[in-house]
Amino acid sequence: MDNSSLFFLVAVIAGGLFLLWMILYFIPIGLWFQALVSDVKVSLLQLVLMRWRKVPPTIIVRAMIEGKKAGLELYRDLLEAHYLAGGHVAQVVHALVSASKANIDLTFQIATAVDLAGRDVFEAVQMSVNPKVINTPPVAAVAKDGIQLIAKARVTVRANIRQLVGGAGEETILARVGEGIVSSIGSAGSHKEVLENPDSISKVVLSKGLDSGTAFEILSIDIADIDIGKNIGAELQTDQAEADLKIAQAKAEERRAMAVATEHEMKALAQEMRARVIEAEAEVPRAMAEAFRNGNLGIMDYYKMKNIEADTSMRESIAKPNDKKNTQK
């Protein structure tokens, strides 16, 4: 056999294998036989059409087989539509089988809606069977006596299948529980009351219906730990006292500044009065000279006035030492 004949034989064999692969790919006989022995009604034509519709036949057929063995009636068209819508067919079927075994009322429409909403429907069914415990972060609140308490709670929740579409998530549950703890501690008359009866917080918070509008049902709220924090009341009083002290100091400084300013004004006014007195005294000699010229003042009158001034000066000099002694006493 020459080289050309050998090359032709290899090409024929490769083409035959490729053709066989194409046939088996578009006509999954093995998958069809698996569905047949599992009592799942699906034709070879439908499997071929799934390929053309870009739907993996393996996912659809296995989902139908799982549902059949679990006693569920699943329709191929609905499974294909859910896959084409971007859903997770396997997760939906797992959830339906688990819900059926646990006697949970879950329909195919609700399961697909939950899956398309972005939630894990299989995990939700598991949470309905086995409730989940959520630990809240430390929540700080202040009782009426001013003592701060830091509480931690464990919230046991169960998934509410009917509220998974459009219902709030865990963050809302935690926020509402935290708000309820703050409200309960804040309404307590003393922090000792809370420490003595921590279950009172759980009762008050649980009675508020915090799971309304959420995707969960709250089964219980348990206070795991309560720690004593700061004395907020004393700190507030201290801060207020410091603020009052600063205000009083500012007002005192303002009054001192006003007093200093008034003192300076009085000194300036006194200087002004002295200047006026000196100015008036300077007019006396002129007035006397004018009186001499006009004949209104005589020599004897002038001497008398000088005697009076001298007598007054002497009296003042005699009185000053006595004033100093009295002051020293």
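**Notebook: contacts, core, surface patch and backbone**

I began with isoleucine 201, and leaving out residues up to four places away in sequence, I found that isoleucine 201 touches Ile181, Ser184, Ile185, Val194, Ile223 and Ile226. I note at the outset that this is a predicted model.

I then looked up the largest nonpolar core, which has 57 residues, and saw that Ile201 is listed with Leu79, Leu106, Ile181, Ile185 and Ile221 as the members that touch the most other members. Helix α6, residues 89–101, supplies the largest share of this core, with seven residues.

Next I turned to serine 128, which I located in helix α8, spanning residues 121–129. Is serine 128 buried or exposed? I recorded serine 128 as buried, because its relative accessible area is 13% and the cut-off for buried is under 20%. When neighbours within four places in sequence are set aside, the contacts of serine 128 are Ile104, Arg158, Ala159 and Ile161.

On the surface I looked for nonpolar side chains, and found a patch formed by Phe292, Ile299, Met300 and Tyr303, which together have about 440 Å² of accessible area. Helix α13, residues 299–328, gives the most to this patch, with three residues. Phenylalanine 292, for its part, is found in helix α12, residues 232–294.

Lysine 54 has a phi near 65 degrees, a positive value in a residue that is not glycine. I placed lysine 54 in the loop between α3 (44–52) and α4 (57–69), and with a relative accessible area of 68% lysine 54 is exposed.

Where does asparagine 103 lie? I found asparagine 103 in the loop between α6 and α7 (108–116), and noted for asparagine 103 a positive phi of about 60 degrees, although this residue is not a glycine. Asparagine 103 has a relative accessible area of 73% and is therefore exposed, the cut-off being over 50%.

Notes:
Residues are numbered from 1 along each chain as its sequence is written. This is a predicted model: local features need pLDDT of at least 70, side-chain atom pairs count only at pLDDT 80 or more; totals for chains, interfaces and linings use all residues. Side-chain values use heavy atoms; hydrogens and water are left out. Patches are made of residues with over 30% relative accessible area and no salt bridge: like charges are joined within 9 Å, nonpolar side chains (Val, Leu, Ile, Met, Phe, Trp, Tyr) within 5 Å. Accessible areas come from the Shrake-Rupley method with a 1.4 Å probe; for residues, only the protein chains shown count as cover. A salt bridge is a side-chain nitrogen of Lys or Arg within 4 Å of a carboxyl oxygen of Asp or Glu. Helices (H or I, at least four residues) and strands (E, at least two) are DSSP runs, numbered from the N terminus. A nonpolar core is a set of buried Ala, Val, Leu, Ile, Met, Phe, Trp, Tyr and Cys residues joined through side-chain atoms within 4.5 Å. Buried means under 20% relative accessible area, exposed over 50%, partly exposed in between (1.4 Å probe, protein chains only). Contact means heavy atoms within 4.5 Å.
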